[in-house]
Amino acid sequence: MTQSSTALLTLDGISVSFGGVKAITDISFEVAAGEICALIGPNGAGKSSLLNVINGVYRPQYGTLRFDGHAYRRMDAHDAAHHGIARTFQNLALFRRMSVFENVLAGRNLHRRSTWLEQTLRVGRAGRDEALQRERAQRVIDALDLQPWRDSVVGTLSYGLQKRVELARALAAEPRLLLLDEPMAGMNTEEKHAMAGYVLDANEHLGVTVVLIEHDIGVVMGLSDHVVVLDYGKKIADGRPDEVRTNPDVLAAYLGTRH
Ligand SMILES: Nc1ncnc2c1ncn2[C@@H]1O[C@H](COP(=O)(O)OP(=O)(O)OP(=O)(O)O)[C@@H](O)[C@H]1O
């Protein structure tokens with residue numbers, strides 16, 4: 001598969017197995033710079049595994065990944081973060097005993113210029129650097145309307161708010177590509193609407209390219225520019241939301257008439 005000039009991310013023939021279980025089989029698609037791309041499909045279709053390939057948690061047995069013009073047989077998780085790939089998790093991965101601000105500040109770690117020693121001894125660039133990182137973290141708190149809970153311990157917040165804090169921490173890293181694993185799961189309609197607004201804001205105003213997994217098809221159709229549908233580890237559709245929603249294979253996968 002050749003990469004088009006606008007692609008930020010290209011997956012080419014990616015396959016992942018666990019023992020005898022094929023989680024992903026020969027998946028290829030492109031994510032254009034600046035778009036919101038949704039990965040959808042029934043439970044166990046391979047969506048989370050694919051995000052884990054993109055940010056280097058899983059190593060594909062076959063296939064290549066291209067990010068920003070560079071090809072990788074495997075994206076190392078540490079490198080992925082350095083290249084500007086951030087993610088949130090299906091089951092929240094926050095520091096539950098720390099405050100909202102401290103969690104968001106943790107998202108700035110890659111941008112710190114002072115060394116660990118300078119930070120510990122509070123010398124050299126450490127003071128200036130800390131002030132800059134705190135200011136940037138505060139901007140994200142404000143943008144995501146988290147100020148009322150800024151000093152609250154994360155574990156005491158509602159699930160919906162914790163999801164928003166996780167988005168804030170990912171955005172604090174100033175990613176080029178944001179991977180969201182079910183950002184609206186477990187939310188009521190109002191919370192989903194708000195979350196969709198924050199994702200759209202990040203996409204439109206910060207230019208962040210987004211790949212998200214979401215089960216609520218209404219949300220997906222309203223939010224995404226591009227939808228990729230997986231079923232049993234294979235790609236069964238790839239196109240604009242209006243193309244995908246009428247695709248017979250997609251309808252069959254969702255209505256269960258094909259299995
Ligand atoms: N670390 C792992 N070890 C073994 N099997 C795994 C692992 N990760 C995923 N799988 C298997 O790969 C397949 C795809 O799982 P995956 O979680 O990627 O699907 P999904 O589409 O994200 O599902 P859901 O919507 O339920 O989260 C499943 O059969 C799953 O059991």
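Q: What follows α1, and what is its phi like?
A: In this predicted model, α1 is followed by G56, and the phi of G56 is positive, near 80°.

Q: And α1 itself, how many of its residues are buried?
A: Seven of its eight residues are buried, so α1 is largely enclosed by the rest of the structure. The buried ones are K47, S49, L50, L51, N52, V53 and I54.

Q: Which residues does I54 touch?
A: Leaving out residues up to four places away in sequence, I54 touches L9, L65, M75, I85, L179 and V211. I54 also belongs to the largest nonpolar core, which has 72 residues. Within that core, I54, V104 and A168 touch the most other members.

Q: Where does that core draw its residues from, in terms of domains?
A: It takes at least three residues from each of domain 1 (1-84 + 175-259) and domain 2 (99-174).

Q: OK, the ligand. Which residues are around it?
A: The residues around the ligand are F18, V21, A23, G41, N43, G44, A45, G46, K47, S48, S49 and Q90. Two elements give two or more residues to this shell, namely β2 (21-32) and α1 (47-54).

Q: Which element gives the most to the shell?
A: α1 does, with three residues.

Q: What is the shell like by class?
A: It has seven polar, four nonpolar and one charged residues.

Q: Back to the domains. What are their bounds?
A: The domain assignment gives domain 1 as 1-84 + 175-259 and domain 2 as 99-174. Their contact takes 11 residues from domain 1 and 11 residues from domain 2.

Q: Which elements are on the domain 1 side of that contact?
A: α2 (77-83) and α7 (189-206) each supply at least two residues to the side of domain 1 that touches domain 2. The largest share, four residues, comes from α7. By class, that side has eight nonpolar, two polar and one charged residues.

Q: How far apart are T189 and V219?
A: They are 30 residues apart in sequence and 9.8 Å apart in space, taken C-alpha to C-alpha.

Q: Which phi does D68 have?
A: The phi of D68 is near 55°, a positive value in a residue other than glycine. Most residues other than glycine have a negative phi. D68 lies in the loop between β4 (62-67) and β5 (70-72). With 13 C-beta neighbours inside 10 Å, D68 counts as partly exposed.

Q: And Y232, where is that and what is its phi?
A: Y232 is found in the loop between β9 (226-231) and β10 (234-239). Its phi is positive, about 50°, although Y232 is not a glycine. Y232 is partly exposed, with 17 other C-beta atoms within 10 Å.

Q: Whole chain now. How many helices and strands?
A: The secondary structure of the protein chain comes to 10 helices and 10 strands. Buried residues make up 39% of its 259 residues.

Q: What share of the contacts join residues at least 24 apart?
A: Among contacts between residues at least 6 apart in sequence, 66% join residues at least 24 apart.

Q: What is the average pLDDT of the chain?
A: The protein chain averages 88, and 89% of the residues score at least 70.

Q: Where is confidence lowest, and where is it highest?
A: Confidence is lowest in helix α4 (residues 116-121), at a mean of 60, and highest in strand β8 (residues 209-213), at 97. Where pLDDT is low, the predicted coordinates should not be read in detail.

Q: What ipTM and pTM does the complex get?
A: The predictor gives the complex an ipTM of 0.94 and a pTM of 0.89.

Definitions and conventions: Residues numbered from 1 in each chain as written. Predicted model: local features only at pLDDT ≥ 70, side-chain atom pairs only at ≥ 80, totals over all residues. Near = placed C-beta within 6 Å. Nonpolar A, V, L, I, M, F, W, Y, C, P; charged D, E, K, R; others polar. Buried ≥ 20, exposed ≤ 12 C-beta atoms within 10 Å, placed from the backbone. Domains from an automatic or database assignment. Contact = placed C-beta atoms within 7 Å. Core = buried A, V, L, I, M, F, W, Y, C linked by C-beta atoms within 7 Å. pLDDT = per-residue confidence, 0-100.
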